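This report covers the pocket and the strand pairing of one model.

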Amino acid sequence: MVKKKAAPKTNAARILDNLKIDYELMEYPVDEDDLSAVHVAASVGLPVDVVFKTLVIRADKDVIMCCIPGAAEVDLKKLAVLSGHKRCELVPLKDVLGLTGYIRGGCSPLGAKKVYPVFIHQAVFNHERVAVSAGKRGEQLVLVPVDLVKATNAVVGDVVH
């Protein structure tokens, strides 16, 4: 169910609206000292494995995005294999804003400055609904996993340790 609110919608929410994908927007107070997905999950009252964090990755010379459960760690070797690259590394935080238009704690797999390939860990299908950043700190989009995969045109596979 789409929840309407007075504040302007993020690009990620507008993309879901345009695709006619139902979602819930969950707001939470931002703690500048703890932007972790674990903290976000606690703030919105969801299990940490339901809150997927979005990582920005340099894969050879390409940039890709990877969504993994909040407490998990990405396995860069597995991601390289799944994405068809020789190697992957996390993009330095200082470069994330320039590449995506997003800041740490507010990076969404939807609505970045450019459309990047998205890879989502297969555990996404273990849940009825999952949460990802809405594109700004303090907002999460909660939606059905198949809709997240569809909206991001993601490849799903094993990308965590």
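The largest pocket holds about 560 Å³ of space. A pocket here is an open set of points, on a 1 Å grid over the protein atoms alone, where a 1.4 Å probe fits, with protein on both sides within 12 Å along at least five of seven lines; lining residues have an atom within 4 Å of a point. Volume is the space filled by probe spheres set on the points, which are joined across faces, edges and corners.

The model is predicted: local features need pLDDT of at least 70, side-chain atom pairs count only at pLDDT 80 or more, and totals for chains, interfaces and linings use all residues. Residues are numbered from 1 along each chain as its sequence is written, and side-chain values use heavy atoms, without hydrogens or water.

The lining of the largest pocket has 28 residues, and Lys53, Thr54, Leu55, Arg104 and Gly105 lie nearest the centre. Strand 2 contributes the most to this lining, five residues. The elements giving two or more residues to it are tabulated below.

| Element | Residues |
|---|---|
| Helix 2 | 37–44 |
| Strand 2 | 52–59 |
| Helix 4 | 93–100 |

Helices (H or I, at least four residues) and strands (E, at least two) are DSSP runs, numbered from the N terminus.

Three strands form an open sheet in the order 1-7-6, with antiparallel pairing; pairing requires at least two DSSP bridges between two strands. Strand 1 (24–27) and strand 6 (130–133) each have a single partner strand, so one side of each lacks a neighbour in the sheet. Strand 1 is joined to strand 7 (residues 139–143) by four bridges, and Leu25 has Leu141 in strand 7 as its bridge partner.
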